[in-house]
Every structure is written in structure tokens, then in C-alpha cells.
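Here is a briefing for a reader who is meeting this structure for the first time. It begins with the core and then moves through the other topics in turn.

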Amino acid sequence: MFDACAPIEEYLRQGAPEIPAGYYLSNKRTDNKPNSHHASSASIELDGKVIGSCLRAQFYAWKGFPITNEPDIGVLFNFHCGHWFEAMYAFGLDLLKIPHQREVIVNQDWGLDYKIGGRLDFMVADEAVELKTSYGRSMEFDKSWSVVNGKNKSTKGLFKPKDSHALQIAVYLNSGIKVCNNPVFARDSFYRVNFRLNLCEEGIETTNSVNSDLAVLPYTKDKILARWTKLDKCLKDNIAPAPDFDSGYPCKAGKYTCQWYDLCKGENND
Ligand code: SF4
């Protein structure tokens with residue numbers, strides 16, 4: 001089986017050689033107005049609770065509302081860590097002489113007003129790799145990633161991917177990808193784990209490289225479609241959806257603040 005953490009381990013073993021500029025492809029990414037429903041903005045409603053991206057924030061992005069809350073420097077650092085790890089990963093794949101494709105475009109028609117878009121980090125043979133970085137303490141010590149999903153007892157306590165990552169990957173798996181690896185590297189401790197995800201009857205299922213947990217997540221195409229269908233209507237009617245969240249993440253938590261926090265919460269307070 002493909003060891004999805006190996007490329008960065010190999011890169012470090014070889015003495016962290018200088019990465020040529022061409023490996024930083026992801027720096028081309030911009031935050032322009034969307035023209036498709038991006039996989040990373042997928043969300044679902046489960047037991048009356050929204051999991052994933054806020055529709056109101058997506059509406060603001062689609063309509064080109066200027067952001068009212070600039071990302072904090074710590075958030076920008078986290079964002080750029082993703083680019084650095086992707087460059088290391090690509091270099092590591094080359095060091096291991098593993099053939100691969102980078103930044104593979106996903107462009108699918110799911111019958112919505114707009115297409116589904118996305119950019120997979122890597123394809124290695126017929127397996128996808130969507131690489132993420134994280135604050136390691138929550139993975140290694142608190143295991144706070146593992147207790148989520150509200151009332152869904154079947155996944156409570158299991159070690160599984162972060163919800164937003166699992167939802168993004170659920171979009172890829174419903175767009176023709178059979179297996180998606182999700183290697184996650186801790187920015188602080190270099191704790192690392194690879195989650196392997198595939199479709200199953202209930203949604204998606206995942207195993208991991210650390211323990212024998214099998215997590216089944218009810219993140220189905222129908223549930224993802226229902227949310228984007230609602231957004232399409234709001235975009236057509238030019239009416240912002242109601243806020244999906246009251247407080248906490250993704251509105252405001254720690255160093256992270258929603259980029260339209262003042263606009264959204266200001267409007268609500270009027
Ligand atoms: S502040 Fe919260 S509810 Fe408002 S747009 Fe941002 S994430 Fe959504």
C-alpha cells in the first residue's frame with residue numbers, strides 16, 4: 001500500500017535539500033470571486049447542526065463583498081505552511097521516484113447552477129492525496145479531532161479526519177476518485193497520520209495509519225448537494241442566507257476570525 005507520509009519523511013532524511021522554486025506551485029492560488037462550488041466549501045446539515053463551511057460566508061464571497069476582517073498573521077502562516085508542505089511533498093515524491101500528478105483539477109457537473117470545482121494536491125497512480133497541516137497538540141494529546149459529529153454515536157471517540165477535510169474529500173470521492181489519502185502533518189510536533197478514505201453506503205469511511213479505527217461518516221452527496229442547492233437559490237434571489245453559526249469556529253475562535261465577521265454580525269445586531 002502507498003505510504004502517504006513517506007515523501008516528506010524521505011525529504012527530511014535526505015537532509016532537507018533546497019526546494020527549487022518550481023515546486024511551490026500552490027503559491028499561484030488566489031482568493032478571487034468563485035465561479036464554481038469549491039470542494040473545500042462543502043457542508044452538510046446533520047441533526048439540525050451545520051458541519052463544514054458557512055453558506056452566508058460563501059454568499060459574501062460569490063457576491064464579491066469586500067472582506068471586513070483581514071486574516072491574522074498566524075492564520076497566514078498556517079495557510080503558507082500548506083504550500084511549503086506541498087512543495088516538500090512533491091520533492092519527496094521525486095526523491096522516492098514515485099510518478100505523480102500535481103494540482104489535479106476537479107470540474108464536475110452535479111446538476112447545480114454552477115459546476116463543482118476543486119484542485120487535488122496529488123494523484124499517485126489511481127489514488128488521490130489531499131495533504132493537510134494542523135496544530136499537532138489537538139491530534140496527538142487532546143484527540144479533539146476524534147469526538148465530533150454531535151449525536152452520531154457511531155463515530156464518537158474515533159480517530160478520524162477533520163470534518164472540513166473529510167467533506168472536501170467526500171466531494172472528490174463523489175467525482176470519480178476511488179481512494180483519497182489525507183496525510184496530516186503537525187506543524188508543531190511533526191506528529192503525522194494518514195487517513196485513507198473511500199465511499200461506502202452510508203457516506204464515506206476512513207481508516208488511519210495510527211490505530212485500527214474505522215470511522216463511517218454520513219457525508220453523502222445528497223446532503224452536500226442540498227446545501228449548495230440552497231446557496232444557488234440565495235445567489236439567484238440575491239438574498240444572503242441566515243448565519244449558519246452563532247459563535248465559535250468558524251465565526252471566531254482563537255486566532256481565527258471569519259473574513260466577513262463584522263459585516264455578518266453587524267447586520268445581525270442592527
Ligand atoms: S461570521 Fe459566522 S455566520 Fe457570519 S458569515 Fe462568518 S462564519 Fe458565517
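The largest nonpolar core has 49 residues, and those with the most contacts inside it are A166, A170, Y172 and L173. Such a core is a set of buried Ala, Val, Leu, Ile, Met, Phe, Trp, Tyr and Cys residues joined through C-beta atoms within 7 Å. A residue is buried if 20 or more other C-beta atoms lie within 10 Å of its own, exposed if 12 or fewer, and partly exposed in between, with C-beta atoms placed from the backbone. This is a predicted model, in which local features need pLDDT of at least 70 and side-chain atom pairs count only at pLDDT 80 or more, while totals for chains, interfaces and linings use all residues. Residues are numbered from 1 along each chain as its sequence is written.

**Core and overall build**
- Leaving aside neighbours within four places in sequence, Y172 is in contact with A39, V106, G118, L120, A128, I177 and C180, where contact means that the C-beta atoms of two residues, placed from the backbone, lie within 7 Å.
- The protein has seven helices and 13 strands, which are DSSP runs numbered from the N terminus (helices are H or I with at least four residues, strands are E with at least two).
- Of the 270 residues of the protein, 31% count as buried, and among the contacts with a separation of 6 or more, 67% are between residues 24 or more positions apart.

**Confidence**
- The mean pLDDT of the protein is 88, and 88% of its residues reach 70 or more; pLDDT is the predictor's confidence in each residue, from 0 to 100.
- Over residues 146-156 pLDDT stays under 50, and for this stretch the model has 20 contacts beyond four places in sequence.

**Helix α3**
- The 23 residues of helix α3 (residues 73-95) should span 33 Å at 1.5 Å a residue, and the end C-alpha atoms are 32 Å apart, which agrees; the expected span is 1.5 Å times one less than the number of residues.
- The buried residues of α3 are F85, E86, A87, M88, Y89, A90, F91, G92 and L93, and they pack against α1 (6-13), β4 (101-108), β5 (116-124), β7 (132-134) and β8 (179-186).
- Just after α3, K97 takes a positive phi of about 55 degrees.

**Surroundings of the ligand**
- Of the 13 residues around the ligand, C54, P243, C251, C258 and C264 come nearest; a residue is near a molecule if its C-beta atom, placed from the backbone, lies within 6 Å of it.
- The elements that give two or more residues to this shell are α2 (55-62) and α7 (261-269), and α7 gives the most, with three residues.

**Backbone details**
- E103, in strand β4, has a positive phi near 45 degrees although E103 is not a glycine, and E103 counts as partly exposed because 15 other C-beta atoms lie within 10 Å.
- F190, in the loop between β8 and β9 (192-200), is also not a glycine and has a positive phi of about 60 degrees; F190 counts as exposed because there are 12 C-beta neighbours inside 10 Å.
- A cis peptide bond, with omega about 5 degrees, joins Y249 and P250, and P250 is placed in the loop between α6 (221-237) and β12 (252-253).

**A240**
- A240 is found in the loop between α6 and β12, and A240 touches R56, F59 and C234, not counting residues up to four places away in sequence.
- A240 and F59 are 181 residues apart in sequence, while their C-alpha atoms are 6.3 Å apart in space.
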